[in-house]
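Take a moment to look over the sequence and turn the model around on your screen. We will walk through it together, one spot at a time.

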Amino acid sequence: MTTVLVADDDADIRDLVAFKLEQAGLEVITVGDGQAAVEQARMHHPTLAVLDVSMPLLSGIDVCRMLRADPSTAGMLIIMLTARVQEQDVEGGFSAGADDYVTKPFSPRELVSRIQALLTRART
């Protein structure tokens, strides 16, 4: 089964995303801060991570950079999910190594579709 790590300090968003991903048949690990995201990623090696940019301890950008720098997690797919919509924020997410960037408010169905598209491309 494909595992997705969801890291967001907002429990409502975290739970919503996890629920929609579980409905789509994915296994989900949820955490509420950046440090826990790095720890869980290194421990469980999920296929994909959904990272909020603004989190306690480490930002999603920092987490993304750390995962890309670690050979054991460098190939993980990463989607940034954030309320930060300025052009420089989006550029920062992609320059840190994100595969996609979704802004809040967001459509849970669209997020699941983007995740499934990334997973499909990665398998081919």
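Thr82 sits in strand E4; helices (H or I, at least four residues) and strands (E, at least two) are DSSP runs, numbered from the N terminus. What you are looking at is a predicted model, where local features need pLDDT of at least 70 and side-chain atom pairs count only at pLDDT 80 or more, while totals for chains, interfaces and linings use all residues. Residues are numbered from 1 along each chain as its sequence is written, and side-chain values use heavy atoms, with hydrogens and water left out.

Is Thr82 buried or exposed? With a relative accessible area of 1%, Thr82 is buried; the word buried means under 20% relative accessible area, exposed means over 50%, and partly exposed covers what lies in between (1.4 Å probe, protein chains only). Setting aside neighbours within four places in sequence, Thr82 is in contact with Asp52, Val53, Tyr101, Val102, Thr103 and Lys104, where contact means heavy atoms within 4.5 Å.

Let us follow one of those partners, Lys104. Thr82 and Lys104 are 22 residues apart along the chain, yet their C-alpha atoms are separated by 5.4 Å. Lys104 belongs to the loop between strand E5 (100–103) and helix H5 (108–123). Its relative accessibility is 17%, so Lys104 counts as buried. Which residue's side chain forms a polar contact with the side chain of Lys104? The partner is Asp52, at 3.5 Å. A polar contact is a pair of N or O atoms within 3.5 Å; within protein, one must be able to donate a hydrogen and the other to accept it, and residues adjacent in sequence count only if both atoms are side-chain atoms. Beyond four places in sequence, Lys104 is also in contact with other residues, including Asp8, Ile13, Leu81 and Ala83.

From Lys104 to Pro105 the peptide bond is cis, with omega near -5°, and Pro105 is in the loop between E5 and H5. Most residues other than glycine have a negative phi, and most peptide bonds are trans. With that in mind, look at His45, in the loop between H2 and E3. His45 is not a glycine, but has a positive phi of about 50°, and at a relative accessible area of 42% this residue is partly exposed. Leu57, in the loop between E3 and H3, is not a glycine either and has a positive phi of about 70°. Leu57 is exposed, with a relative accessible area of 67%.

Now for the interior. In soluble globular proteins, nonpolar side chains tend to be buried together. A nonpolar core is a set of buried Ala, Val, Leu, Ile, Met, Phe, Trp, Tyr and Cys residues joined through side-chain atoms within 4.5 Å. The largest one here has 23 residues, of which Leu5, Ala37, Leu51, Val63, Cys64 and Met80 touch the most other members. At least two residues of this core come from each of strand E1 (3–7), strand E2 (27–31), helix H2 (34–44), strand E3 (48–51), helix H3 (60–69) and strand E4 (77–82). A second, separate core of 20 residues includes Val6, Ala18, Leu111 and Leu119.

How do the helices sit against each other? H2 and H3 pack at an angle of about 25°, with their axes 9 Å apart. Axes are lines fitted to C-alpha atoms, for helices over the stretch in contact, and angles run from 0 to 180 degrees between N-to-C directions. H2 and H3 are therefore roughly parallel to each other; angles under 35 degrees count as roughly parallel, over 145 as roughly antiparallel, 65 to 115 as roughly perpendicular and the rest as oblique. Gly34, Ala37, Val38, Ala41 and Arg42 of H2 make the contact with Val63, Met66 and Leu67 of H3.

Finally, compare helix H1 (residues 11–23) and H5, which pack at an angle of about 55°, with their axes 10 Å apart. H1 and H5 are therefore oblique to each other. On the H1 side, the contact is made by Leu16, Val17, Lys20 and Leu21, and on the H5 side by Pro108, Arg109, Leu111, Val112 and Ile115. Leu111 is also a member of the second core.
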